[in-house]
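Please examine the structure shown below together with its sequence.

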Amino acid sequence: MRLLVDARYVRPVHDGISRYSASILHSLARCIESGEYPGLAVAMLVSDDAQLDQLPPLPSVRGYSPTGPLEPLSALAVNRFRPDVVFSPMQTMGSWGRKYKLILTLHDLIYYDHPEPPGFLPAPVRIGWRLFHRSYLPQRLLLNRADAVATVSRTTASLIREHDLTTRPVTVIPNAPPRGIGVTREQALDRAAHRRKSLVYMGSAMPYKGVDLLIRGMEHLPDYELHLLSRYDPRRKEELRAIVPQGASVTFHDGVTDEDYRRLLGTCTALVTASSAEGYGLPLAEAAAEGTARIVSDIPIFREIAPNAAHIDFSHPGEFAEAVRNLEDPDTYRAAALGALDDAARYSWDDSARELIGLAQSL
């Protein structure tokens with residue numbers, strides 16, 4: 001079987017879709033190297049040779065930019081490579097005239113309730129994005145072009161069924177903690193005794209992420225520091241700076257390296273996120289692998305992927321402060337650290353790659 005994986009969303013600094021694409025491909029490469037799947041050939045579809053720096057040494061072919069005007073004709077270009085199955089980590093891949101089986105991915109339904117598009121997209125794409133999410137009909141048309149649909153969580157799979165978004169079979173191919181990072185239970189317990197009074201948030205500052213709730217909640221935690229790790233648009237950053245409570249400590253990092261991210265996870269009291277909606281929540285998995293306690297919104301996806309986290313209502317600042325203070329008890333923190341490792345052990349990229357292979361072989 002010839003499986004072509006769409007890697008055109010891979011970016012120099014990973015966002016969620018980029019990391020998902022690259023991680024799946026690295027695990028597929030390991031599956032091939034192991035001899036576990038004789039007869040399986042995997043290749044990568046890229047739109048820029050620079051993307052290869054983030055990808056394994058698998059064969060690659062060039063396609064159109066996924067956000068460019070030629071994207072609707074992508075299948076005509078892909079047909080030349082004669083794949084049996086194409087897997088795209090998005091649902092928007094052009095499919096007109098395709099001569100292969102197609103798996104499309106829907107990560108979440110966030111933008112139906114929160115239609116603000118990602119700022120890095122070109123202006124015409126952002127306009128189309130808003131129009132697209134005014135109705136479920138365009139989504140149904142997109143997904144039903146595929147032979148199968150993938151998603152990253154049982155929570156999103158349930159929403160796909162609830163809104164009748166596709167007649168195609170839906171398979172969960174989840175995210176996972178990055179391979180090769182993480183600590184043992186002994187290391188997690190040792191770290192638990194040396195945590196600093198700091199809190200870490202990794203993610204965008206789009207309104208549904210609730211970063212403003214985290215900042216305002218620091219009024220009740222004057223002896224703690226909140227680290228906002230991601231790079232924000234300057235205007236949004238100034239909006240957030242303006243609401244920092246007097247006496248609160250909030251640091252804007254404007255992006256961090258993977259090494260600094262892991263260091264902060266290894267020394268902070270907790271990773272925090274007040275998001276009101278997510279498709280998965282990869283930072284929770286990353287923190288879990290490091291044995292880091294997590295304080296998160298009480299929403300279905302976080303109950304699915306992080307059952308051992310503290311689930312709270314961030315609109316009540318007292319709950320946030322209480323959850324943080326609870327972790328000052330050594331026994332409570334040790335239990336949170338071990339629970340985090342238990343959550344991390346439930347997912348792996350190699351398992352997700354095997355799930356994808358099984359789905360492709362079934363078509």
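Aspartate 343 touches Ala288, Arg294, Ile305, Ala306, Pro307, Asn308 and Ala309, leaving aside residues up to four places away in sequence; contact here means heavy atoms within 4.5 Å. This aspartate belongs to helix α14, where helices (H or I, at least four residues) and strands (E, at least two) are DSSP runs, numbered from the N terminus. With a relative accessible area of 2%, Aspartate 343 is buried. The term buried stands for under 20% relative accessible area, exposed for over 50%, and partly exposed for values in between, with a 1.4 Å probe and protein chains only.

The model is a predicted one, in which local features need pLDDT of at least 70 and side-chain atom pairs count only at pLDDT 80 or more, while totals for chains, interfaces and linings use all residues. Residues are numbered from 1 along each chain as its sequence is written, and side-chain values use heavy atoms, with hydrogens and water left out.

Aspartate 343 also lines the largest cavity, together with Pro177, Leu284, Ala285, Ala288, Arg294, Ile305, Ala344 and Tyr347. On a 1 Å grid over the protein atoms alone, a cavity is a set of points where a 1.4 Å probe fits but cannot get out, whereas a pocket is an open set with protein on both sides within 12 Å along at least five of seven lines; lining residues have an atom within 4 Å of a point. Grid points are joined across faces, edges and corners, and a volume is the space filled by probe spheres set on the points. The count is one cavity of 30 Å³ or more, and the largest cavity holds about 40 Å³ of space. Helices α11 (282–289) and α14 (330–344) each supply at least two residues of its lining, and α11 provides the largest share, three residues. Sorted by class, this lining has seven nonpolar, no polar and two charged residues; Ala, Val, Leu, Ile, Met, Phe, Trp, Tyr, Cys and Pro count as nonpolar, Asp, Glu, Lys and Arg as charged, and the others, Gly among them, as polar.

The second largest pocket contains about 340 Å³ of space. It is lined by 16 residues, of which His14, Arg19, Ser23, Pro178 and Arg179 are the closest to its centre. Helix α1 gives the most to this lining, with five residues. By class, the lining of the second largest pocket has six nonpolar, four polar and six charged residues.

Helix α15 (residues 349–362) has 14 residues and reaches 20 Å from its first C-alpha to its last, close to the 20 Å expected at 1.5 Å a residue; the expected span is 1.5 Å times one less than the number of residues. Among the buried residues of α15 are Trp349, Leu356 and Ile357. The buried residues of this helix pack against β1 (2–6), α1 (16–33), β4, β5 (101–105), β6 (148–151) and β7.

Arginine 82, in the loop between α2 (74–78) and β4 (85–87), has a positive phi near 55° although it is not glycine, and at a relative accessible area of 68% it is exposed. Aspartate 164 lies in the loop between α6 (154–162) and β7 (170–172); its phi is positive, about 50°, and at 56% relative accessibility it counts as exposed.
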